[in-house]
Amino acid sequence: MKRVLVLASHHRMAEGLKDSLLFVSNTEMEVVALSAYVDNQPIEDAVKQLMGGFAPEDEVVILTDMTSGSVNQKFFPYVSHPHTHLVSGMNLPLAFTIAMEDTDDYISAERMREIVEESRAEMKYVNDLASEGDDEDE
């Protein structure tokens, strides 16, 4: 079994996230960035070619930028493939946690839900945190 992390976005967000992930993680997992709409090529073709390159036993974790976006929609037909996870709203904490997951076994749907919740919890309105700190000083 091999795990592949696919980062897919409109324009070059996926490339930047991949670069940041590799900088902070030390992961040996294969990480693929798919940047849509930068070369006037149909996204459908790029997705089909990418997904056709995986073996049935490969685990493919796909992170996209927006749930209702066209990039996510083009990956949606592949959620029925074995060992394939599709998560929208990608961010660095999400990608980092997946990159650090043990590769001895497949990630379960339950664990993937936990990872999504953990990464969602990393989103903060920092102004509120600063205000909370001010209250403690009084």
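**Charged pairs, then the cores**

Reply: Glu-44 counts as partly exposed, at 40% relative accessibility (buried is under 20% relative accessible area, exposed over 50% and partly exposed in between, with a 1.4 Å probe and protein chains only). Keep in mind that this is a predicted model, where local features need pLDDT of at least 70 and side-chain atom pairs count only at pLDDT 80 or more, while totals for chains, interfaces and linings use all residues. Residues are numbered from 1 along each chain as its sequence is written, and side-chain values use heavy atoms, leaving out hydrogens and water.

Me: Good to know. What does Glu-44 form a salt bridge with?

Reply: With Lys-74; their closest N and O atoms are 3.2 Å apart (a salt bridge needs a side-chain nitrogen of Lys or Arg within 4 Å of a carboxyl oxygen of Asp or Glu). Distant parts of the chain are linked here, since Glu-44 sits in helix H2 (residues 43–52) and Lys-74 in helix H3 (residues 70–75), 30 residues apart. Helices (H or I, at least four residues) and strands (E, at least two) are DSSP runs numbered from the N terminus. Lys-74 is partly exposed too, with a relative accessible area of 29%.

Me: How many salt bridges are there by this rule?

Reply: The count comes to 9. Another one joins Lys-2 to Glu-30, with 3.3 Å between the closest N and O atoms. Lys-2 is in the segment before S1 and Glu-30 is in strand S2 (residues 30–36), so this pair ties together parts 28 residues apart in sequence. Lys-2 is partly exposed, at a relative accessible area of 36%, and Glu-30 is partly exposed with a value of 36%.

Me: And what about Glu-114 and Arg-111?

Reply: Their side chains meet in a salt bridge, 3.2 Å from N to O. Both are in helix H5, 3 residues apart, so about one helical turn separates them. Shared partners join Glu-101, Arg-111, Glu-114 and Glu-118 into one network of salt bridges.

Me: Which residue is buried yet has no salt bridge?

Reply: Look at Asp-65, in the loop between S3 and H3. For Asp-65, the nearest side chain of opposite charge is Arg-12, 13 Å away (Lys and Arg count as positive, Asp and Glu as negative; His and the chain ends are not counted).

Me: So what is Asp-65 in contact with?

Reply: Leaving aside neighbours within four places in sequence, Asp-65 contacts Ala-8, Ser-9, His-10, Met-13, Val-71, Gly-89 and Met-90 (contact means heavy atoms within 4.5 Å).

Me: Switching topic: which residues touch the most other members in the largest nonpolar core?

Reply: Of its 19 residues, those are Leu-5, Leu-7, Val-61, Leu-63, Leu-94, Ala-95 and Ile-98. A nonpolar core is a set of buried Ala, Val, Leu, Ile, Met, Phe, Trp, Tyr and Cys residues joined through side-chain atoms within 4.5 Å.

Me: Which elements give two or more residues to this core?

Reply: Strands S1 (3–10) and S3 (59–64), plus helices H1 (13–25), H4 (92–100) and H5 (109–121). H4 gives the most, with 4 residues.

Me: What does Leu-94 touch?

Reply: Not counting residues up to four places away in sequence, Leu-94 touches Leu-63, Val-87, Ile-115, Val-116 and Ser-119. There is also a second, separate core of 16 residues, including Val-6, Ile-43, Val-60 and Phe-75.
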